[in-house]
Every structure is written in C-alpha cells, then in structure tokens.
Amino acid sequence: MSNADLHPSPLPRSRPGFPLPLFLLQPLLARVVRRIAAENPGMFNRLGPWVGRDFIIDPIDMPFVLHLRPDPDAPLMRAVSRRRPPDHVARISGRFLDLLELVDADLDGDALFFSRDLVIEGNTEAVVSLRNALDDIDGSIAGRVADMHGAPGRAALAGLRRLAEKRKAKKA
C-alpha cells in the first residue's frame, strides 16, 4: 500500500500526459539544492530530527513530484514519477504557481493551508520544521534560483510571476 492510498488528497491530481524525460531535470535540481544548502548552512539547525529525511513536494498540475532530502552533507532534490514516489515523512501538495509563490516569499503558507489550496500529508511537525528552515533564508528562494541561471532564469521567473498575478486577479 502506498502513501497515496493511506493519505488521499482533496486536491485534483494532474492527468498523465506526454511522458516527461525526468532525467533532463535532475542536473538542474541537483545544482539548485546544492547551492541553496551551501549558501544557507544554518537552515539545517531548524530541521532538528528531520535532517536527512525525505519529503515529497507535489505540484499537482505537473506530471512529476519532487523528492527533497534536506541534508547538509548530501542535499537531494530530484523529479520522480508521481506513480512511484519514495517513502517520505511528509507530502506537501498544491498547484505549481502556489508552491512557487511560497518559495518566492510572496504567499502565506498558513492561508494556503486553511483555504485547502495547500495540502499537508504525513508528519506535520516535519513540515513545520522544513518551513522554519526555509524561512531562515533571506529573500526569495525562487529569485536566487532564477539568478543562478542568469538572464534566462530571471525572465522565466518574471513570466511565472506575471502568470501568478493573472491567476490571482481571476480569483478575486
């Protein structure tokens, strides 16, 4: 029995579509997590017993999930099939743009959670510790990632921010 069977999410899942070659994302994700970990070693102190434990970040409108293991010695973030996620202490699910705005320091995770736009499954203490660790990072994580990729990265983030603003305007 999988974690998904034990903890069904009220959010709609993306439908399987054109298979995405996940191996193309792995070097980018590895670079990002190594850089964030190297630039922010103190954030691991906030994780307590959850250092080195596995989390799933589930952008429900994407054809994959992200496997995150916050470990100062061997940080890991990789895209994996949503059909076969690894065992994990917690799963954080939401629409891609909402998750992006969370790491862009532009959305309140509590408000998303209580509006049911963000679903937490598994150990909530682990998720709170992860959130506290990420809150220790000054500024926007999304901005830092965009800066790592120069002008194309900043342009992509600006486009995603505009898309998120349009979505917010439609909701209002």
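Visitor: How many bridges join β1 to β4, and do they run parallel or antiparallel?

Guide: Five bridges join β1 to β4, and the two strands run parallel. Strands here are DSSP runs of E with at least two residues, helices are runs of H or I with at least four, and both are numbered from the N terminus. Two strands pair if DSSP finds at least two bridges between them. This is a predicted model, in which local features need pLDDT of at least 70 and side-chain atom pairs count only at pLDDT 80 or more, while totals for chains, interfaces and linings use all residues. Residues are numbered from 1 along each chain as its sequence is written, and side-chain values use heavy atoms, with hydrogens and water left out.

Visitor: Which residue in β4 stands opposite aspartate 58?

Guide: Serine 93 stands opposite aspartate 58.

Visitor: And how does β4 pair with β5?

Guide: β4 and β5 are antiparallel, with five bridges. Arginine 91 has glutamate 121 of β5 as its bridge partner.

Visitor: Are the residues of β4 buried or exposed?

Guide: Five of the five residues of β4 are buried. Buried means under 20% relative accessible area, exposed means over 50%, and partly exposed lies in between, with a 1.4 Å probe and protein chains only. Ala90, Ile92 and Gly94 are on one side of β4, Arg91 and Ser93 on the other, and both faces are covered.

Visitor: What is isoleucine 92 in contact with?

Guide: Leaving aside neighbours within four places in sequence, the contacts of isoleucine 92 include Ile56, Leu99, Leu118, Val127 and Leu130. Contact means heavy atoms within 4.5 Å.

Visitor: Which residues touch the most other members of the largest nonpolar core?

Guide: They are Phe55, Leu66, Met77 and Ile92, in a core of 30 residues. A nonpolar core is a set of buried Ala, Val, Leu, Ile, Met, Phe, Trp, Tyr and Cys residues joined through side-chain atoms within 4.5 Å. The largest share, five residues, comes from α2.

Visitor: A new topic: which strand is joined to β2 by a hairpin?

Guide: The hairpin leads from β2 to β3 through six residues. β2 (residues 64-69) and β3 (residues 76-81) run antiparallel and are joined by six bridges. Phenylalanine 64 is opposite serine 81 of β3.

Visitor: Lastly, at what angle do α6 and α7 pack?

Guide: Helix α6 (residues 141-148) and helix α7 (residues 150-171) pack at about 145°, with their axes 6 Å apart. Axes are lines fitted to C-alpha atoms, for helices over the stretch in contact, and angles run from 0 to 180 degrees between N-to-C directions. Among the contact residues are Ala142 and Met148 of α6 and Gly153 and Leu157 of α7.
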